[in-house]
Amino acid sequence: MSRTALRICPLCEATCGLTLTIDGTRVTGARGDREDVFSKGFICPKGASFGAVDGDPDRLRTPLVRQDGELREATWEEAFDAVAAGLRPVVERYGPHAVGVVLGNPNVHTMAGALYPPVLLAGLGTRSVFTASTVDQMPKHVSSGLLFGDANAIPVPDLDHTGHLLLIGANPLESNGSLCTAPDFPGKLKALKARGGTLTVIDPRRTRTAKLADRHLAIRPGTDALLLAAMAHVLFEEDLVDLGELTPHLEGLGELRAAVREFTPEAVAAACDVDAGVTRTLARELAAAPTAAVYGRIGSCTVPYGTLGSWLVDVLNILTGNLDRPGGALFPQAATDRTPRPAGPSHGFALGRWHSRVSKHPEAKGELPLSALAEEIDTATGEGEPIRALVSVAANPVLSAPDGDRLDKALDSLDFMVSVDPYLNETSRHAHVVLPPPPPSQSPHHDFAFNTLAVRNQVRYTRPAVPLEPGRMAETEILARLILAATGMHGADPSAVDDMVIGQTLGKAVKEPHSPVHGRDPKDLTARLTGVSGPERRLDMMLRLGPYGDGFGARPDGLSLERLLAHPHGIDLGPLGSRLPQPLKTRSGRIELLPRPIADDLPRLREALDRLPDELVLVGRRHLRSNNSWMHNVPALTGGSNRCTLHIHPEDAERLGVRDGAAVRVKGAGGEVTAPAEVTDGVRPGVVSLPHGWGHDRPGTRMSHAAADPGVNVNQLLDGSLLDPLSGNAVLNGVPVEVTAVAESIMSLT
């Protein structure tokens, strides 16, 4: 007999509410939850395929432990015994930095991935930390840290109220949004146009989002920062700067004016391939709009000037008075945010507190560039020990990082590797131990990270829709046991991890004067926590201490887990509003418009004014039915438009002798791949495009559907040497490549 259950979708950043149909313990259907306070019934193809994702037969069901060179099924006890025996000797002999930790994108989509990796990193004490952020969004974190003092204080466009939206390097009709959590992003853009607003898209591809726009500028890849700097120049030159209520919160306005003086629209026109008059029009329209927001995403982050471009996005929002203003770009306030502290000067944000061992890359936000992982393993020279053991949690850097071939070989040289992953994929196949989490239907869900980026303040929580299957272990328990095994506490009760975090958090809270529990007894507060598990008790604690919380009874109408459970479709906390100066954590207590690292990097951008463009450059591509590499193993999410083809403009195809459907060889600094050509005017001349996440042709994996149509790994075209210097983010877009036709072979496009 079938039943229904609610679940928040974990498959992209939109975090839509789902209503699942369940037969026994199997999810047989998914539709949008019309009563969800945030998504209101919206669903995309990924959410509709929740059952297929959840029930993928290739998902691992039991741990794997390497014996005599082969990965074999083992008990959980055997697996964690092997983890403790493999990790601790490395730490004790070579020190904590000899253990690397790689955290993949899916971590931010699970409760376990949000709650436990910080504890693991603190317990290990390693500085060898790598995440998906440095192949994606780190420039935005760094620019926010430098401007606002907090790398996680990222303003988002007020999509429901703005009258003018400028998107640069973003394609939310296919990505559903990123660093801007917005269910039904497409509907919000259509509503913007319906109310008479203006949508401008700047992108070298004519994406689905660009087709919806009032104006689409097919800019030359990698020159976003030049265009934005020229727009800022126009605002100063034509006296269009209108700071509004921001004036008392700013410092460095005069220095900023001087810094962009050289970036005139005429000076950047050739590099960007954008007419100077068009640039001036963009700036004037932005300034004239009653409300406006500039939003940049992965296309403007994964380029040589990613941090400068991310900084300039917020500079334009500031100069037009649209930062922290309804209809502009606002700072969300999540229910599990820390207790708001009084506004004022704080500790600020620092870069380069340590450096990578081999190439001396500076850390950013506590992380080293994922592009440097291979050399940190396989290169003996440099200060300190190379990485000898690796903990990989929901990560597949062999496909997601540059030069996967080198990393593939480096992983084989490790003394020990443990992977927490539901699949035996291109990376986890190297592990000595694989710990598989259960499918998402058997896990609870709350969006800790994405609610800090949401376009409306709200809070939702769903318990597991299906009971944990016999023989499975909850992902929260897996990570808790991993922490114990890695930190010399193997065999302790995994609840000790949650108890420790609760004790430390409440112990600090009662000492903070601005805390709602200041002066109270931590033991009494601990006894008041509710929830059926350690993770639920931690969620209850965070809700009660947070900005909307009940303060453990101090505010009777405030949030708690108990109240949240009484609202299964979530609780609406209202539209975003002005919050300055509270989010600022700079040393001055103000928005620091021209931080020293930014000023020091601007000469590099000036040099780009005179650089001759490459003949042919590569950009990535996002598909609506894909997010991470493992989604290619779900039949419902592949095929159709989700194909690994090389988009090439007809003019370039004719010049290079390339026919539609014919095989082409693409060569970059890191290697070469062969893919079918798809001739289309959807890319501008001089640009070719390959999607990410493909290349499922390595032996030893257990992803049968993906292996049947493997595609090619676009990141193999990169050697990892190109990085945005401030953030360490890999340069994935605008990189030079060579394309040649392969003799008369036609490759399938179906």
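Predicted model: local features only at pLDDT ≥ 70, side-chain atom pairs only at ≥ 80, totals over all residues.
Which residues are linked with E237 in a network of salt bridges? E238, E266, R280 and R284 are, together with E237 itself.

Residues are numbered from 1 along each chain as its sequence is written, and side-chain values use heavy atoms, with hydrogens and water left out.

View 1. A salt bridge here is a side-chain nitrogen of Lys or Arg within 4 Å of a carboxyl oxygen of Asp or Glu. For E237 and R280, the closest N and O atoms sit 2.7 Å apart. The pair ties together distant parts of the chain, 43 residues apart: E237 belongs to helix α10 (residues 224-237) and R280 to helix α13 (residues 276-288). E237 is partly exposed, at 44% relative accessible area, while R280 is buried at 14%. Those words have cut-offs: buried is under 20% relative accessible area, exposed is over 50%, and partly exposed is in between (1.4 Å probe, protein chains only). Across the whole structure, the search turns up 41 salt bridges.

**View 2. D498 and R538 make a salt bridge between two helices.** Here the closest N and O atoms are 3.2 Å apart. D498 sits in helix α20 (residues 495-509) and R538 in helix α22 (residues 534-545), so to speak distant parts of the chain, 40 residues apart. Both D498 and R538 are buried.

**View 3. R604 and D601 form a salt bridge inside one helix.** Their closest N and O atoms come to 2.8 Å. Because the two residues are three apart in helix α24 (residues 596-607), about one helical turn separates R604 from D601. R604 is partly exposed at 22% relative accessibility, whereas D601 is buried at 7%.

View 4. A disulfide is a covalent bond between the sulfur atoms of two cysteines. The test used for one is a pair of cysteine sulfur atoms within 2.5 Å, and by this rule the count is zero disulfides. For C9, the nearest cysteine sulfur belongs to C12 and is 6.1 Å away. C9 is buried, with a relative accessibility of 7%. Another cysteine to look up is C644, buried at 9%.

**View 5. A cis peptide bond joins L580 and P581.** Omega for this bond is about 5°. P581 lies in the loop between β19 (571-575) and β20 (591-592).

View 6. K365 is partly exposed, at 30% relative accessibility. F552 has a phi of about 55° and is found in the loop between α22 and α23 (561-565). F552 is buried, at 1% relative accessibility.

**View 7. Four parallel strands build an open sheet.** The strand order is β11-β10-β9-β13. Strands count as paired if DSSP finds at least two bridges between them. The edges are β11 (215-217) and β13 (293-296); each has a single partner strand, so one side of each is left without a neighbour in the sheet. On average, neighbouring strands are turned by 15° against each other, direction ignored. Zooming in on β9 (residues 164-168), four bridges join this strand to β13, and the two run parallel. L167 stands opposite Y295 in β13.

**View 8. Helices α8 and α15 lie across strands of the sheet.** Helix α8 (residues 185-194) lies across β9, β10 (198-202) and β13, at about 135° to β9. Helix α15 (residues 306-319) lies across β9 and β13, running at about 175° to β13. Contact means heavy atoms within 4.5 Å. Axes are lines fitted to C-alpha atoms, for helices over the stretch in contact, and the angles run from 0 to 180 degrees between N-to-C directions.
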